[in-house]
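Colleague: Please show me the model. I would like to go through its pocket, its surface and its backbone.

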Amino acid sequence: MGKFIMTNKNWMQIHTYLSLFFLPACVIYVITGVGYIFDIKENAGASIYEFSIKEPPKAGKEKEFIIKVLQDNNLKIPKNTEVKIQRGSPTMGSMKYSASIVKNKQGEPQVRVIDRGLYGILLLMHKAKGAYYFDIIAIGFAISLMLFYLSGLIMTSFCKRKRKEALIAFGLGFILTSLAIYFSVV
């Protein structure tokens with residue numbers, strides 16, 4: 001059995017194929033990250049229905065109560081009707097379509113139904129609010145980003161001919177990133 005030696009060609013293949021594999025995740029993170037910075041949140045473009053109720057149902061009766069409100073208002077019943085407590089509110093459904101018993105800004109109980117679009121779903125995935133499947137992709141993507149930098153540096157022999165300029169660029173990036181963090185918390 002021969003020795004396996006990591007050559008520039010091997011690093012280039014790792015870099016290329018991981019880049020291609022994770023390109024869809026990258027596009028999702030770019031779009032939702034920039035959108036979030038510009039205050040476009042998960043309910044952007046969502047259809048939201050709110051129904052005032054006199055009082056919340058008794059504990060253990062939330063499922064039947066939510067289903068009745070949905071039926072009375074000709075709204076579809078979520079595929080998953082298991083009630084979970086999310087942020088202190090009984091909720092059924094999925095990231096795409098959910099119904100919850102919440103309190104409005106005046107503190108009055110209501111049933112809120114949210115039907116999100118694709119952007120809202122992708123932003124929630126970005127924030128790791130979905131099932132663990134996408135989280136596996138996200139962690140793989142994060143590890144790959146480090147490999148992309150490492151393989152890029154190895155392929156260029158760490159900027160062999162312009163090492164001083166490369167170190168200056170790294171130093172400036174480190175300083176500006178550190179300053180941005182510092183001024184964000186003071």
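Modeller: We start with the largest pocket, which holds about 810 Å³ of space. Of its 22 lining residues, Gln86, Arg87, Thr91, Ser98 and Arg116 are the closest to its centre. A pocket here is an open set of points on a 1 Å grid over the protein atoms alone, where a 1.4 Å probe fits, with protein on both sides within 12 Å along at least five of seven lines; lining residues have an atom within 4 Å of a point. The volume is the space filled by probe spheres set on the points, which are joined across faces, edges and corners.

Colleague: What kind of model is this?

Modeller: Residues are numbered from 1 along each chain as its sequence is written, and side-chain values use heavy atoms, with hydrogens and water left out. Local features need pLDDT of at least 70, side-chain atom pairs count only at pLDDT 80 or more, totals for chains, interfaces and linings use all residues, and the model is predicted.

Colleague: Which strand gives the largest share of the lining of the largest pocket?

Modeller: Strands are DSSP runs of E, at least two residues long, and helices are runs of H or I, at least four, all numbered from the N terminus. E2 (84-86), E3 (89-93), E4 (97-103) and E5 (109-115) each supply at least two lining residues. The largest share is four residues, and they come from E3.

Colleague: How many residues of that lining are charged?

Modeller: Asp, Glu, Lys and Arg count as charged; Ala, Val, Leu, Ile, Met, Phe, Trp, Tyr, Cys and Pro as nonpolar; the others, Gly among them, as polar. The lining has five nonpolar residues, nine polar and, as charged ones, eight.

Colleague: Is Phe183 buried or exposed?

Modeller: Phe183 sits in helix H5 (residues 163-185). Buried means under 20% relative accessible area, exposed over 50%, partly exposed in between (1.4 Å probe, protein chains only). Phe183 reaches 57%, so Phe183 is exposed.

Colleague: Where does Asp39 lie?

Modeller: Asp39 has a positive phi near 65 degrees, and this residue is not a glycine. Most residues other than glycine have a negative phi. Asp39 is placed in the loop between helix H1 (8-37) and strand E1 (47-52).

Colleague: What is the relative accessibility of Asn74?

Modeller: Asn74 is in the loop between helix H2 (62-72) and E2. Its phi is positive too, about 55 degrees. Asn74 counts as exposed because its relative accessibility is 70%.
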